[in-house]
Amino acid sequence: MSDIQRHLRAKTGDVAPYVLIPGDPGRAERIAETFVAPQLVARNREYTLFTGRTAAGTPISVCSTGIGGPSASIAVEELVRIGATHFIRVGSAGGRQPGTPIGSVIVVTAAFRGEGTSLDYIPLGYPAAADLDVTLALRRAAEEYLGRRAIEGVVYTRDAFYRRDDGLNQRLTEAGVVAAEQECSTVFVVGALLGVKVGAVLGTDSNIYLDPQPTREEKEALYRQVERETIAIASAAVDRLHAEA
């Protein structure tokens, strides 16, 4: 009986144990360009899936998840069913500390559950924590690549991109939350409940507290650079995880 997944259009043997999960299908393509011998597995809806090897020879896949928790949960569920065991979200985020420049690398340790998808899995009292092994691999890879420790901390995962709650933003900033994005808490919770390892490395593409705000062109240029950095860090972390397995 075929195990081709309903949304990903992939089956067992199509994906590596290690999968990078950006939201953006375009970023998935850019990540695949860094692989050795990347093969397009499937392209359906928001899901673009490639499999190849890192430069060090580790089997690796990349699968875009689309924006937000519902589509990200589908990606993780279906990837686990066909053999994925380790995930790294490689994403973008908005800085939530006044001193965080656009273009900063963030290794995520946990997420504030401000989205709704994870509630369908388990009540809010359950934490959205990144896997320790993946997080430590990202820490070491970032330090080696950047020559310094990346920003590390809790992010705010939310659903409604264009709805801004200034009171909540201020409260989370005062609590030390480092950035806001739209998938981490979902994939952390889903991964934990499915018994797989999930972590995240993000690049900041904005910061609501900057005054004056950079132009859109300046923000995009800064993000293009940090995207390359997060991709390199995630791939190096995969090599570390594979070596330690």
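Predicted model: local features only at pLDDT ≥ 70, side-chain atom pairs only at ≥ 80, totals over all residues.
Contact here means heavy atoms within 4.5 Å.

**First stop: H2 and H5**

Select helix H2 (residues 69–81) together with helix H5 (residues 184–194). Two packed helices are described by the angle between their axes and the distance between the axes. For H2 and H5 the angle is about 30° and the axes lie 9 Å apart. Angles under 35 degrees count as roughly parallel, so H2 and H5 are roughly parallel to each other. Their crossing is right-handed.

Next, display the side chains at this contact. From H2, select Gly69, Ala72, Ser73, Val76, Glu77 and Val80; their partners in H5 are Thr186, Val187, Val190 and Leu194. By class, the contact of H2 with H5 comprises six nonpolar residues, three polar and one charged.

**Second stop: H3 and H6**

Now select helix H3 (residues 132–146) and H6, whose axes come within 8 Å and cross at roughly 125°. H3 is therefore oblique to H6. The crossing of H3 and H6 is right-handed.

On the H3 side, highlight Asp133, Val134, Ala137, Leu138, Arg140, Ala141, Ala142, Glu144, Tyr145 and Leu146. They meet Glu229, Ala232, Ile233, Ala234, Ala236, Ala237, Arg240, Leu241 and Glu244 in H6. Colouring by class shows 13 nonpolar and six charged residues in the contact of H3 with H6, and no polar ones.

To centre the view, select Ser92, Arg158, Phe161, Asp205 and Ser206, the closest to the pocket centre of the 36 lining residues.

The lining of the largest pocket contains 16 charged, ten polar and ten nonpolar residues.

**Last stop: two backbone features**

Most residues other than glycine have a negative phi, and most peptide bonds are trans.

- Go to the loop between S10 and H6, where Pro212 is placed. The peptide bond from Asp211 to Pro212 is cis, with omega near 5°.
- Finish at Ala37, in strand S2 (residues 36–44). Ala37 is not a glycine, yet its phi is positive, at about 50°.

Methods:
Residues numbered from 1 in each chain as written. Heavy atoms only, no water. 1 Å grid on protein atoms, 1.4 Å probe; cavity = no way out; pocket = protein on both sides within 12 Å on 5 of 7 lines; lining within 4 Å. Nonpolar A, V, L, I, M, F, W, Y, C, P; charged D, E, K, R; others polar. Axes fitted to C-alpha atoms, helices over the stretch in contact; angles between N-to-C directions. Helix = DSSP H or I, 4+ residues; strand = E, 2+ residues; numbered from the N terminus. Parallel < 35°, antiparallel > 145°, perpendicular 65-115°, else oblique. Left-handed = near helix turned anticlockwise from the far one by under 90°.
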